[in-house]
Amino acid sequence: MLPNEHGRINVSIQRMSEIYNGRQYIIRIVFMIAALFLIGKTMHLQIFDQSIKDRARTSAIQKKVLYPSRGLIYDRHGELMIYNDPIYDLMVTYNQLDPDMDTSYLCEILDIEKDQFIENIEKNWKSPRYSKAVPFIFQKKIPTETYAKLQESLYEYPGFSIQLRVIRGYPDTIGAHLLGYISEVNRKQIDNNKDIYALGDYIGSTGLEGTYEEYLRGKKGMEYLLKDNLGRVVGPYLEGALDSMAVSGKNLITGIDQELQRYAESLMQNKLGSIVAIEPATGEILAMVSAPTYNPNLLVVNNKRGKIYQEMQSDSLKPLYNRTVLAKYPPGSLFKPIVGLIGMQEEVWNANQGFGCGGSYLNVNHYMGCHQHEHPRNMQVALQHSCNSYFLALFREIIDKEGYHNPREGLDRFNAYLEAFGLGNPLGMDFNGEKHGNLPTSALYDRMYPNGRWRSPTIISVGIGQGEIELTTPQMANLAAILANRGYYFRPHIVKEFENDTTQIDLKYRTPITIPIDPIHYDPIVDGMERVVSMGTAYKAYTPGITVCGKTGTAENPHGKDHSIFYGFAPKEQPQIAIAVYLENAGFGGTFAAPIASLMIEKYIKGEINPNRKYLEQQMMDADLISVP
Amino acid sequence: MSRRRQSGIESVDWIIFSLYLSLVGVGWCMIYSVGYGDGYPSSRIDFLTQTSVGKQTIFVGLSLVIMLFTLVIDWKFWRTFAYLVYGAAMASLVGVLIIGKNIKGATSWYALPGGFSLQPSEFAKFATCLAIAAFLSTYSTNLRFSRSQFISIGIILFPPALILLQPDAGSALIFFSFFILLFREGMPVFPYIIAFALGSIFILGLSFEPLSVILGLFFIGIFILVLNLKNYKWYGMGISLIWILSSIIAFQNGFVLYTFVANIIAVLGLSILQWRSRLERIAVLVTGGVLIGSTLIFTTNYAFNNFLRPHQQDRINVWLNPEKCDPQGSLYNVLQSKLAIGSGGIQGKGFLEGTMTKLNYVPEQVTDFIFCTVGEEQGFIGSFLVIILFLALLQRLVTVAERQRSAFARQYAYGVAGIIFIHFFINIGMTMSLMPIIGIPLPFISYGGSSLMGFTLMIGVLLKLDANRYAI
């Protein structure tokens, strides 16, 4: 190129560039606007759009809850009473669902209709129960075969995952009321313990499951997993720094003798009532039966449970009703040894005192019936024959100690003794829902008979365990334990220790409680109770080789036939078992309650039933006290 | 002018050079971070030859050599041999179709020994930039005349025609960036407006129901006509607002046909009114615009549904109608990319701490989707800074272009600015679905030797020309 040509080009270019000079600003502005668009979009994605962030988190890092295994429950010999059974829940995370996916095969595996599928997925998103980003249960309790099929094809359905959970299994069909059941947590329970329970968790509802929930449940763990684009887990997040292990629940070792419990339940079949057996030296409960009972496997968490539960609830025999702790019964003649003890301690009576019984007791102007028996020349004989007149008279002496017109002082003192015997208040067992029973308090009578118009004859039926006094079966068994121990007891409890754990059971179960009654007064009572079995009202309970001490009771009640009652302990010296048997509407105490108790005692102490008594065992097991009106 | 004839390295524009180095540095770090999750080999040789970041280290080294080379070569070389370079580049584009290596369905690569490969289209951009600048700077060229317009468009569109044969639509698209240069050099504005309008109609027609878009066109038409009324303008405005509102309500409630008939009558009536008020041009323009626009909307939709192949439709749908797409299918890549960027938040997860970009969530994570790593690890602060670095570079390129005394140098600088701009906007835009997914790298940052060296060559030559701007 020539120099002058250069010059000319320059001139022309100068002009051209001057004409369109302004266009550089348009270009600059276009660049700026484009950059602003990009900045705006990054701002939107990274700062404002929360859903993107949530989604990014859930699709990259999967939080996996590690469920602890629930504590097991053993009997006193280390036999398993409850074990754990794995079940599978199909979970779904709404945000991760692919709206276009073909779910017909999934529906086929799960055996559900398309409508059901949609219903399972579309939750009420306004409700705080559900979040689109949090997995919720799509279908619960998937059978193992379905689980195997599902696992193969689950990768085709993003958003779905399987959650392993553990439910309860029972090696035997016994102890339903005692063990209790687990059920799904409700909203209130979740709200009260947000960091413990989440939707779909199980919680112990009743029985030991409910009472020891805190120990049994363990602690959930959390695992943070990194997932790649195909949803494959590639490894722990932050090398597992945030992970926490699940801590298994504590295993409970109970004082229950599974063999005895099973035996008691077989004896109680087709009967209404309850049995509580206690080891007097420790207060450990050996067996606790409420009849009718049910097979605990029926209430295992599965698809049929809801229906079965409803059926049982509408059953007129109330199999779900736990009679051992919830039912309050009049003690009837079981009360007599206690009245006798209080009379002797109050020094208004002594053991050698007799009382003329002509088959009835004249109370003010009407007779209270007694039955045909030899002359109650002392406490022992009176107990042996369960003489009403004797104890009515004794009771009046206690009440009228301050004079006929001052029954209040006498009754208050009487009630103070009863409270010391563990009556009137819940025993404080390790079992939820225990009732307290009723005491015949002066306040109660003041309400019934205003202006102090009550005297010892008014309330006299209390003296033979009728009227305003009501006890629960554990309270009766505990009275037997007090008599066995001659004056003290350990608060009855079911769990004796935690397996492989230094935690001890509550101090209140390890501290003896002494009854404010002089130990010498127990001897005539215990002797009398021995006579009851050996040659008295409970002769059917006589067990060769074991000195059983006991007392029958026959409680009148407004619901029909009398209740058949027995409590006692054995052997007489160094007793191993104290027991209370309460049979609703079964008649005389010596007919059913006493033989059943004696069979229990023999089974526990000897391990087997004497062949001579097999007929009795058969008779008791066969007895059907329900279908007879 | 001889008094300031400095042409050495000391007169290089240090702003552009340092922006260039920063972007390359950011890119290297991001590539390092992506590969970090798999662990790096301890042997230095393995690191350099087996890992992306190792190879990128080599590319950076080579790029610096190229940079030095461009600064040493005489500035006149590029202008003198511009057409020769262009010719060579075209030859290489033809050659690659014959002896090239096919990667992922496109024959875009020359296989080199040592597992490396070369992408001639990256160098074609540079060559075309030189050639168009050389052509525009000749005395006889004047973009006001159609002869010059046709030749320049020919120079620009010849390489993408060859590239489309590979096929590599993304790289081909880049060449349209030269229209920015043509605009600056005096190309008439009208075609740009038409192109913009067509583009908008195309996008709107595909993003929304065609009928609603056409109705919108009618409304715009009515509004323009009413604005130009001689009398009762304000009454007219009020009535037309009510008219538009009631049309929308009628349309929403299913009276589609009635709404359209009423609107056609309204447009025609208003046009006749304008015509009689001797405003023929407006009447014709508006009626014609509405008619042509409506036809175009229908045509684009028809063409979209009948002429485009499903995977091409998918690309457009992912961009404009993500709700219609399969999140696990066509939408997957861009969704994961958005998730990765979004998960960074304001501060980001921190260098080397990104999880989604390391775990194959994001496709092409070191090349086309490298911005995801920036977004995830450096958060909004990092993304903002990278965008600002690019904007600063672009603005500086315009400044540098405008200070050239030589038309060739100015036009070359605009060409470079245009190419970098289009890469920058489309690449970052596509990672956030602001743009359709087009497989082009992010300049200086993406992994890849051809791309990095191609851009280095562009910047190097520009720095050399600028350093000698007083030499002319």
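Asn317(B) turns out to be buried in this predicted model, since its relative accessible area is 14% and anything under 20% falls into that class. This residue sits in helix 15 of chain B, a stretch that covers residues 310-320. Setting aside residues up to four places away in sequence, Asn317(B) touches Phe304(B), Pro322(B) and Cys325(B).

Over in chain A, there's a strand that is also worth a look. Strand 4 of chain A takes in residues 136-142, and five of its seven residues are buried, so this strand is largely enclosed by the rest of the structure. Strand 4 of chain A has a partner, too: strand 3 of chain A, made up of residues 80-92, is joined to it by four bridges. The two strands run antiparallel. To pick out one pair by eye, find Tyr88(A), which stands opposite Ile142(A) in strand 4 of chain A.

Chain A has 629 residues, and 54% of them are buried. Take the contacts in chain A with a separation of 6 or more: 71% of these are between residues 24 or more positions apart. As for the surface, chain A exposes about 28,000 Å², and carbon and sulfur atoms supply 51% of that area.

Technical notes: Residues numbered from 1 in each chain as written. Chains lettered and ligands numbered in written order. Predicted model: local features only at pLDDT ≥ 70, side-chain atom pairs only at ≥ 80, totals over all residues. Heavy atoms only, no water. Buried < 20%, exposed > 50% of the residue type's maximum accessible area, 1.4 Å probe, protein only. Contact = heavy atoms within 4.5 Å. Areas by Shrake-Rupley, 256 points an atom, 1.4 Å probe, with all protein chains shown as cover. Pairing = 2+ DSSP bridges.
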